[in-house]
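Dear colleague,

I am handing over the structure we spoke about, with the sequence alongside it. Please open both before reading on, as my notes follow below.

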Amino acid sequence: MRTKTLIFLGITAIFALGISFFLIPHSDIENGILKGKVSIGPICPVEQEGIHCPVPSEAYTSRKVAVYKKNRTIKFAEQSFASDGTYEFLLPPGSYIVDTSTEGIGGAEGVPRAFTIRSGETIIIDFSIDT
């Protein structure tokens, strides 16, 4: 009797684990990470050697960074920079382009930039915006 009960419990456990494998969502593909930092400047009207003009957090948070698929026609993700100028995206493996809008005076150096991310990989792309 005890042996039959143990066999029954064992078969039930295997069956439950098998069913849960199909019912619980899981992914065989691990994402990669794109992250980086933007520098913005000059902030002072005329930069002088030895005089540091801090970048206000609004200079970062008011700008956006975007990730596009291949030929830059499909925007995959977009976010504002963090208050320290950093950004981070969790992306499935594939080929992308990172870019930012350059509203106002100046332009961006280092973007747009194409990259390919693989499963579990971290890619760092830093760039600068000239004001």
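**Salt bridges and their surroundings**

The side chains of arginine 72 and aspartate 99 meet in a salt bridge, with 2.6 Å from N to O; the term stands for a side-chain nitrogen of Lys or Arg within 4 Å of a carboxyl oxygen of Asp or Glu. This pair links distant parts of the chain, since arginine 72 sits in the loop between strand S2 (64–69) and strand S3 (74–80), whereas aspartate 99 belongs to strand S5 (residues 94–100), 27 residues apart. Strands (E, at least two residues) and helices (H or I, at least four) are DSSP runs, numbered from the N terminus.

Before going further, please keep in mind that this is a predicted model, in which local features need pLDDT of at least 70 and side-chain atom pairs count only at pLDDT 80 or more, while totals for chains, interfaces and linings use all residues. Residues are numbered from 1 along each chain as its sequence is written, and side-chain values use heavy atoms, with hydrogens and water left out.

Which residues does aspartate 99 touch, leaving aside its neighbours within four places in sequence? It is in contact with Val65, Ala66, Tyr68, Arg72, Val111 and Pro112, where contact means heavy atoms within 4.5 Å. Aspartate 99 and glycine 110 are 11 residues apart in sequence, and their C-alpha atoms are 8.8 Å apart in space.

Threonine 100 also lies in strand S5 and counts as buried at 7% relative accessibility. With neighbours within four places in sequence again left aside, threonine 100 is in contact with Lys64, Val65, Phe81, Ala108, Val111, Phe127 and Ile129. Its side chain reaches the backbone oxygen of lysine 64 at 2.5 Å.

**Aromatic rings**

The structure holds six aromatic pairs, a pair being rings of Phe, Tyr and Trp (its six-membered ring) whose centres lie within 6.5 Å, with planes under 30 degrees apart counted as stacked, over 60 as edge-to-face and the rest as tilted. Phe81, Tyr87, Phe89 and Phe127 form one aromatic cluster.

Two charged side chains also lie over ring faces: arginine 72 is placed over tyrosine 68, at 4.8 Å from the ring centre, and lysine 69 over phenylalanine 76, at 5.9 Å. A charge sits over a ring if NZ of Lys or CZ of Arg is within 6 Å of the ring centre and within 35 degrees of the ring normal.

**Strand S4 and the chain as a whole**

Strand S4 (residues 86–91) has a covered face made of Tyr87, Phe89 and Leu91, and an uncovered face made of Thr86, Glu88 and Leu90. Strand S1 (residues 32–41) runs antiparallel to S4 and is joined to it by six bridges, where two strands pair if DSSP finds at least two bridges between them. Lysine 35 stands opposite glutamate 88 in S4.

The chain has two helices and nine strands, which follow the pattern α-β-α-β-β-β-β-β-β-β-β along the sequence. Of its 131 residues, 24% count as buried. Among contacts between residues at least 6 apart in sequence, 56% join residues at least 24 apart.

Notes. Buried < 20%, exposed > 50% of the residue type's maximum accessible area, 1.4 Å probe, protein only. Polar contact = N/O pair within 3.5 Å; in protein donor to acceptor, adjacent residues only side chain to side chain.
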